[in-house]
Amino acid sequence: MTREEKSIAIENLTAQLAGTNIIYISDISGLNAETTSNLRRACFKAGIKLEVVKNTLLAKAMEASSNDYGDLPTVLSGNSAIFISDVANAPGKIIKDFRKKSDKPVLKGAYINSEVYIGDNQLDALATIKSKEELIGEIIGLLQSPAQRIISALQNKFAGSEEAAE
């Protein structure tokens, strides 16, 4: 790879990092062609971009980025693939699902909304993080619940008073 090609690759990675707040870094080495294809297909269906990257280029892109990746560049050794998503828990769920059949992918680290997570032991927590949409849905449900109880009580009261009037 020439110096110019490396520079272009770093610029492209920096632009990808700037466009998202959710990045998972994992090791997918050793997966056979069929499993890798299945992983890529699952990522595509979930709206996740999966890309194998060179560690040095990703480290330079992280350095050039406006985001603070903290200690995340320290996990960049061996083979690395990045999962870029709009939903915080989606890559964690995919990785966890694939781990039922194999010991890979191994989570190296993640960057989610300015928080840095290091190590494969974080996978369970990351897979259960609630997405923005899930949190909004829960809040709406909680806000609607008291109003629904009041409406139900009023309907029951009026239904009871109509029966008494007859």
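The legends below describe an overall view and close-up views of one predicted protein model.

Local features in this predicted model need pLDDT of at least 70 and side-chain atom pairs count only at pLDDT 80 or more, while totals for chains, interfaces and linings use all residues. Residues are numbered from 1 along each chain as its sequence is written, and side-chain values use heavy atoms, with hydrogens and water left out.

**Figure 1. The protein chain has six helices and five strands.** Helices (H or I, at least four residues) and strands (E, at least two) are DSSP runs, numbered from the N terminus. The order of the elements from the N terminus is α-β-α-β-α-β-α-β-β-α-α. The C-alpha trace spans about 90 × 35 × 25 Å along its principal axes. The radius of gyration, taken over C-alpha atoms, is 23 Å for the protein chain, whereas a compact globule of 166 residues would have one near 15 Å; the globule rule is 2.2 Å times the number of residues to the power 0.38. Of the 166 residues, 36% are buried (under 20% relative accessible area; exposed is over 50% and partly exposed in between, with a 1.4 Å probe and protein chains only).

**Figure 2. Lysine 104 forms a salt bridge with aspartate 27.** A salt bridge is a side-chain nitrogen of Lys or Arg within 4 Å of a carboxyl oxygen of Asp or Glu; a search of the whole structure finds five. In the pair of lysine 104 and aspartate 27, the closest N and O atoms are 3.3 Å apart. Lysine 104 lies in the loop between α4 (90–98) and β4 (106–112) and aspartate 27 in strand β1 (residues 22–27), so the pair ties together parts 77 residues apart in sequence. Lysine 104 counts as buried, at 18% relative accessibility, and aspartate 27 counts as buried at 17%.

**Figure 3. Arginine 99 forms a salt bridge with aspartate 120.** The closest N and O atoms of this pair are 2.7 Å apart. The pair links distant parts of the chain, 21 residues apart: arginine 99 is in the loop between α4 and β4, and aspartate 120 is in the loop between β5 (115–118) and α5 (123–127). Arginine 99 is partly exposed, with a relative accessible area of 28%, and aspartate 120 is partly exposed at 27%.

**Figure 4. Lysine 49 forms a salt bridge with glutamate 51.** Between lysine 49 and glutamate 51, the closest N and O atoms are 3.6 Å apart. Lysine 49 counts as partly exposed at 40% relative accessibility. Glutamate 51 is also partly exposed, with a relative accessible area of 23%.
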